[in-house]
Each structure stands twice: as structure tokens, then as C-alpha cells.
Amino acid sequence: MTGLFTAPAPSTPTLGRSWRQPEGIDPRGTLLVLPGRGEHPLVYERFGRRLAADGYQVHALATTPGDRTEDVLARAAEAAGRDPVAPVILVGSDTGALQALHTAADADPRLTVAGIVVAGAAPTTDAATGAAPTTAAREAGAPQDAAGPWQAELAARTACPAHRKRLTEDVAFVRGSLDAAVPDRLRSEARPAVPALVLHGAADPVTPLGQARELAARLPRATLGVVRDGLHDVLNDASHRTTAAVVVLWLERLRADPTGRPILTVEEPAEPEAAEQVEEGAEGARS
């Protein structure tokens, strides 16, 4: 069977896959992507290409949920190289999101992390980890006549037809991994001091949205982005273009001002009737 993806080349087990900015464009930063349960670096090819087109160097690492924090750090440092283009950002999905939190919390001279993107973090509470995603997906409205647990897992992961097709044809993707327990060390709290962008699907059947809200509230410098109708694999869900755009906006803001001050704010103009009422009220006050 030949799939759209193949397993990462064994000659580069620590580097995974990389995507770089187009020729003639100066790099604007370095993104190190940590995959989640069942995933491998090429699962993030679409995300990597899109961020690279905006000038960022993207390296998806061949990490696994069982890797120790020091091993994740070593692979991240190797992928980034001796003189990575700043800012260096850890981007994690599912268990990779938890690994990003722990790696950024452990200061190490080998890698200076300027920020993290926590996308669809794996569940960390007993209540959340007790339900298999196949069951959770059905409870969230997945078709009751779905053909087996794989369809239920897809329904929990993503609503994007293209990504569902790619995962289904991916011979390297490990099906059923969302049912695997999250390692205890990743479920312990980590509070890195660097800026964090927490992205979560509002309809995520694997990890409750409340966990993402609580996480963002605990982190000292966090921005929370909730994807309407979003599922668990938030970077590869139906709204992947919007999610990637939010990541770019956050990265540009981080580059421009480490304090996180917005570069641009969007304001809705007042309706003409409302504006007239305001003017009339002001006139009455003067009289």
C-alpha cells in the first residue's frame, strides 16, 4: 500500500522534516514542531509549508510522547542548529503541546526559547483522560453508523476532508493512539515564563475546552485562541488557514514587541443610527 505520506527517513531521526522560507526572503524566526500521539513530522507538512511561505523556518521533530524532556530539548537544539534565527518558538500538538510547556519551563543554555504555541493540548486530568476519543467523538455527534473506531477517531481529530484523507492513507500514522494514556510526567503542571499562544477547538471531544482556559489563566503571559466548532487537531482542522494566520499574527507581534502589544487592532465602525444617537445625547448634555 502506498500512502500520501511515508515514514520519516531513518537517516534523520532527530531532525524530522524541515521547511524553509522561499529564496530571497530573509528568515523571520525558527519554529520547532512537536507532534502528538500517533503523529510523525510529515503530518505537519501543510502547516510547515504555510509558515515557511511567511518567512519562518519550520522543523517538525520526530519526537514521541514517551520522550523525556531532556531528550526533546536535545532534538530541538539539534534541529535549530548552533545559531538559529530568533525568535525560537516551540509548537506542540496534543502530547507535543505538553512537551513544549515542560521543555520551555526548563531553562537550558543549548536552546533559548522565546515563546510556545500550545495547540490542542492532551488531557491532563483523570476525568478527561478516562474517556476514549472514539466514545467521546460519538457523544460529540459523530455519525452513529461510522465504520468502526477509525472513523470515530477521525471525527475526534479533524473535520477537514483533505486531512482525514491524508491520515487514512498515511501508512506511518499510528491509529488508535488517542486512546493511549498521557504520561504522568506530562500531566504535571509546567508554567514557563515565556509568551504562549494557547489554541483549542471549542468542540474538542478529547480535551475539554475548560482545560485550555485554565491553562491559559495559569500561564503568566498567555493568549487564548478558541476555534469555533474546532476539534482536537487544531492545526490540521477545517479552520487550518485561520489558525495558521493567527499563529503568524502572534509571531509578528512577538517579533515587534516582546511585551506582546498588538501591532494592529480591529475596530467595528459605529452604525449611523448609533452615531447619531451619541451626537444627540452629547447635544442634550450641553443644553
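Visitor: In this predicted model, which side chain meets that of Arg-28 in a salt bridge?

Guide: Side chains of opposite charge can pair when their charged atoms come close. Here the partner of Arg-28 is Glu-252, with 2.6 Å from N to O.

Visitor: Which residue forms a salt bridge with Arg-157, and how far apart are the closest N and O atoms?

Guide: Arg-157 pairs with Glu-39, and their closest N and O atoms are 3.8 Å apart. This pair, too, links distant parts of the chain: Arg-157 is in helix H6 (residues 149-157), and Glu-39 is in the loop between E2 and helix H1 (45-53), 118 residues away.

Visitor: Is Arg-157 buried or exposed?

Guide: Arg-157 has a relative accessible area of 1%, so this residue is buried. Glu-39 is buried as well, because its relative accessible area is 9%.

Visitor: What can be said of the salt bridge between Arg-68 and Glu-70?

Guide: The closest N and O atoms of Arg-68 and Glu-70 are 3.4 Å apart. Both partners count as partly exposed, Arg-68 at 44% relative accessibility and Glu-70 at 47%.

Visitor: Where does the charged end of Arg-175 sit?

Guide: The charged end of Arg-175 lies over the ring of Trp-150, at 4.1 Å from the ring centre. As for pairs between aromatic rings, the count comes to one.

Visitor: Let us turn to pockets. Which residues line the largest pocket?

Guide: A pocket can be read through its volume, its lining residues and the elements that supply them. The largest pocket has a volume of about 310 Å³. Its lining is made of Leu-197, Thr-223, Leu-224, Gly-225, Val-246, Leu-249, Trp-250, Glu-252, Arg-253, Pro-262, Ile-263 and Leu-264. Glu-252, a member of this lining, is also the salt-bridge partner of Arg-28.

Visitor: Which elements each supply at least two residues of that lining?

Guide: They are strand E7 (222-227) and helix H10 (240-256). Helix H10 gives the most, with five residues.

Visitor: How many residues line the second largest pocket, and which lie nearest its centre?

Guide: Its lining has 14 residues, and those nearest the centre are Thr-124, Arg-187, Gln-211, Leu-215 and Arg-218. Two or more residues come from each of helix H3 (95-105), helix H8 (184-187) and helix H9 (209-218). The largest share, four residues, is that of H9. The space in this pocket is about 160 Å³.

Note on methods
Residues are numbered from 1 along each chain as its sequence is written. This is a predicted model: local features need pLDDT of at least 70, side-chain atom pairs count only at pLDDT 80 or more; totals for chains, interfaces and linings use all residues. Side-chain values use heavy atoms; hydrogens and water are left out. On a 1 Å grid over the protein atoms alone, a cavity is a set of points where a 1.4 Å probe fits but cannot get out, and a pocket is an open set with protein on both sides within 12 Å along at least five of seven lines; lining residues have an atom within 4 Å of a point. Grid points are joined across faces, edges and corners, and a volume is the space filled by probe spheres set on the points. A salt bridge is a side-chain nitrogen of Lys or Arg within 4 Å of a carboxyl oxygen of Asp or Glu. Buried means under 20% relative accessible area, exposed over 50%, partly exposed in between (1.4 Å probe, protein chains only). Rings of Phe, Tyr and Trp (its six-membered ring) pair if their centres lie within 6.5 Å; planes under 30 degrees apart count as stacked, over 60 as edge-to-face and the rest as tilted. A charge sits over a ring if NZ of Lys or CZ of Arg is within 6 Å of the ring centre and within 35 degrees of the ring normal.
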